[in-house]
Every structure is written in C-alpha cells, then in structure tokens.
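Please read this report alongside the sequence and the model.

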Amino acid sequence: MLLAHLSDSHLGYRQYGLVERERDIYSCFEEAIDRAIEEHVDVVVHSGDLFHSPSPPPQAYRSAIRSLKKLKRCGIPFVYVMGQHDKPKTQALAPLTVLEDMELLHHAGDKPYVAGDYSVVGLDYSRRQLLVERLQSIKPVTKKSILALHVLLKEVSPLGDISASELPKGFIYYALGDYHLFKEIKVHGSLAVYPGSSEVISLNDLSSLGKGFCIVDLSGDEAIVHFQRLDGVRPRIVVKADLESVDDVAKRVVSQASAMKLKPIVHLTVRGVNIKCRDVERVKEEISKVSLRVFVTLEDVEAISLQPVRATASSVEETIKAAIPGMSDVVSELYKAYRSGGLHSELERLFNSDVWINWADTVKAGAVKAEAVQQKPPRGVEDQAKPSQVKARSSTLLGWIKRDDREA
Ligand SMILES: [Mn+2]
C-alpha cells in the first residue's frame, strides 16, 4: 500500500504581496498531486493547512479543486485534517467542507477513513489541553492504521505542544503537519513524519533538502519513507557580503540568478559600519533585474553582540527578560507584534530560528524594520493589522529603541 503524505500547502498565501508567489504555491501543490498520481499511490493524506486561511481566495479553491478532481478521476481518495490556518476560529464553515460536499475529499478529523486492512484516523489542530484529552480516546481502527495530526512536537521545537511519547500507540505511521521542514521521528517503534511545507512559507522553511512531500510504502510491517523534492519551488539565494566586496558578490548572484529557470528571491546581508540604504541601492537594482524580489539586510559589525539564547517552551517573554534586561521591552514588543500576525511578514526574519534566537541581530534588524515601517505602510495581504495599528505599533517600537539608544 502506497501513501502520499502532504502537509502545509498553504494555498492562497500571497507572500510579499506578489501574485507570482501565490501561483508558486498553487503549482507546487499541483505538482505534488501529479507526482502522487504518477507513483500510483492508493491514498493521499494531507496533515493540515491545505489552505492558508479559513476564507481562501477563489483561486485557492480552483487550485485545490483542479487537483482533487484529477485524483478522483484516478480513484485515489484524499484524506485530510485541518491545521490552525484553515480551521475557522468561530463556528464558521470550514473551506474544506465545501470540497467535502463536492465529494472530493474525506475529513479524517470527523470519522476514520477505512479501506480493508488500512485506515486513516485523524485529529484536527487544537490547543494542548484539548489535544491531550482527545488523544486519549484515539485508537487504531484496523490492522494498519495511520494517525494524521496537525501538531508541533517538542522534538522539533521548544514551543511544541506535546512530546512524541504522548502520541497514542499502535499506529503504523504518524502523518504529521505543522512543522514546515521534513523530519522523521521514531515513536513507539513506528515513524512519525513531517513532510514539511510544499513551498517556503517563511524563511525558517528553507532547507538544503528542498521542499516536497513523502511517498510512504506501508506494505511491510514498517513504513518506508521516500522524500520527493518538488521542481516548481521558487529558488532562493541567501548570501552575505562585506560592504567592500558587495559588488563582486552581486556579480556572482546575478550570474547565478540568470542561469535559473525561475527568477529567484534573493536575500542579501551586507556587513559594515554605519551602512546606509543608499550605499547598496545600486547593487540591489542590478540584482533586481534577474530576480523576483531582492531583500537587503544591513548588518552593523559594531552593533552590540549578545550570545544566542535558548527560548524556553514556558515563556518566550521570560526568556527575553532574562537574556537582555536592558532591551527586553523592545524585543518583547517585536515578539508580540510578530505573534499577532501584524506588521510585515519580513518580521519573520527576526525570528528565523525555532530554537536559537540571536537577540543582537533581532534588536538591530528590529530597529531598521521599525524605521522602514514608519516611513511606509507595509504591503502584502498577510498584514492583518489596520494601518493605524501598524503605525501605533511601529512608533512604540521606535520609542523603545530610541530610549534604549539614549541609555546606551
Ligand atoms: Mn503550516
């Protein structure tokens, strides 16, 4: 029995406000489904966040329907659970229910999917307390039962909700979603696997392995997992340069980018002392000609340097306070703004690691970003905060940063 395991497709997400990015995300999902069909899988399991939001745009429905119809024509069922992105926060109708009405998919969070010896049992995303309660009554329903869950395990992030050992026993395969990188974890003698997101949703999702999904062979007693790398993923060039050598680095980036099938997204960090945006404007313009989007981060080598701090699961704010007493307000404010989903998605770059956060970079980048935000309202559909809120927030940030400058 072959299973295609996908997760975190985030259909409808328009990164950086670019329609090209929205299309990238559709084409990666569609490529994964096409590949699953080519591999003659028996079932597709999706572990949550098929849609980026509980009210996706029509194009996102279209992309999903197009692929799910192909599967249906081939007689391959699509079984899913909901993630925190596509699960409505209120009693509203879930977007996936519409597709279920069209008989295009099966909601394992509702009732198990059963086919002979095989079955998929599922649980939609829920917060820790409810999740632990619900997991207690979850049992395998056939000889070879798969458990589909949208949950962050402590094994992959200190902010995780439960440990792998808290998963119920007796399943042949744990099809997980929420963590956006490919990861295999051994639990109760079986494999628990995150296929990761099918595109790069935040910079944390970048992986040398590429982005993709899993083909899982469940014919034997143990699952055999093959990661499938997708070709349609937008390439990224992440590069650092000193101000003195930035022209050479830019030349290399331009030639690398020109050879790519898809225009890449470039993340360039320039190091120096007191660098100004205008120092790197020309370079940015050169690279822009051959890329979809260029992000330049200025890194002041004389800025304060603090040791990376381990964020604890109990309280990120407590960690911040302990680590940088002098500037904890600034970082707390940034962190809250980030968590609330407001401000520009680039804030994600400030928290570009689940485990290690370099506070010096965070504070520095935060100051640069707060200035930029104040000058120009952020773009992109991911900005849920109203302009007035964004302005208030950014001026608060600036206030903190300036105060700390004075004290320093
Ligand atoms: Mn996700």
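What follows is a description of a predicted model, section by section.

## The chain as a whole

The predicted model holds 10 helices and 17 strands, and of the 408 residues in the chain, 40% are buried. When contacts between residues at least 6 apart in sequence are considered, 70% of them join residues at least 24 apart.

## Helix H1

Helix H1 covers residues 19–38, and its 20 residues should span 28 Å at 1.5 Å a residue; the C-alpha atoms at its ends are 29 Å apart, which agrees with that expectation. After H1 comes His40, which has a positive phi, near 55°.

The buried residues of H1 are Arg21, Glu22, Asp24, Ile25, Tyr26, Cys28, Phe29, Glu30, Ala32, Ile33 and Ala36. As background to such a list, an α-helix has 3.6 residues a turn, so residues three or four places apart point the same way. The elements against which the buried residues of H1 pack are strand S1 (2–6), strand S2 (43–46), helix H2 (58–73) and strand S11 (212–217).

## How H1 meets H2

The axes of H1 and H2 come within 10 Å of each other and cross at roughly 10°. Because angles under 35 degrees count as roughly parallel, the two helices, H1 and H2, are described as roughly parallel to each other.

On the H1 side, the residues that take part are Glu22, Tyr26, Phe29, Glu30, Ile33 and Ile37, and on the H2 side they meet Gln59, Ser63, Arg66, Ser67, Lys70 and Leu71. Sorted by class, this contact of H1 with H2 has 5 nonpolar, 3 polar and 4 charged residues.

## A mixed open sheet

An open sheet is formed by 6 strands in the order S5-S6-S7-S8-S10-S9, and its pairing is mixed. The edges are taken by strand S5 (113–115) and strand S9 (183–187), each of which has a single partner strand, so one side of each is left without a neighbour in the sheet. From one strand to the next, the twist averages 20°.

In general, strands of a sheet pair through backbone hydrogen bonds, either parallel or antiparallel.

Note on methods:
Residues are numbered from 1 along each chain as its sequence is written. This is a predicted model: local features need pLDDT of at least 70, side-chain atom pairs count only at pLDDT 80 or more; totals for chains, interfaces and linings use all residues. Helices (H or I, at least four residues) and strands (E, at least two) are DSSP runs, numbered from the N terminus. A residue is buried if 20 or more other C-beta atoms lie within 10 Å of its own, exposed if 12 or fewer, and partly exposed in between; C-beta atoms are placed from the backbone. Two residues are in contact if their C-beta atoms, placed from the backbone, lie within 7 Å. The expected span of a helix is 1.5 Å times one less than its number of residues. Two strands pair if DSSP finds at least two bridges between them. Axes are lines fitted to C-alpha atoms, for helices over the stretch in contact, and angles run from 0 to 180 degrees between N-to-C directions. Angles under 35 degrees count as roughly parallel, over 145 as roughly antiparallel, 65 to 115 as roughly perpendicular and the rest as oblique. Ala, Val, Leu, Ile, Met, Phe, Trp, Tyr, Cys and Pro count as nonpolar, Asp, Glu, Lys and Arg as charged, and the others, Gly among them, as polar.
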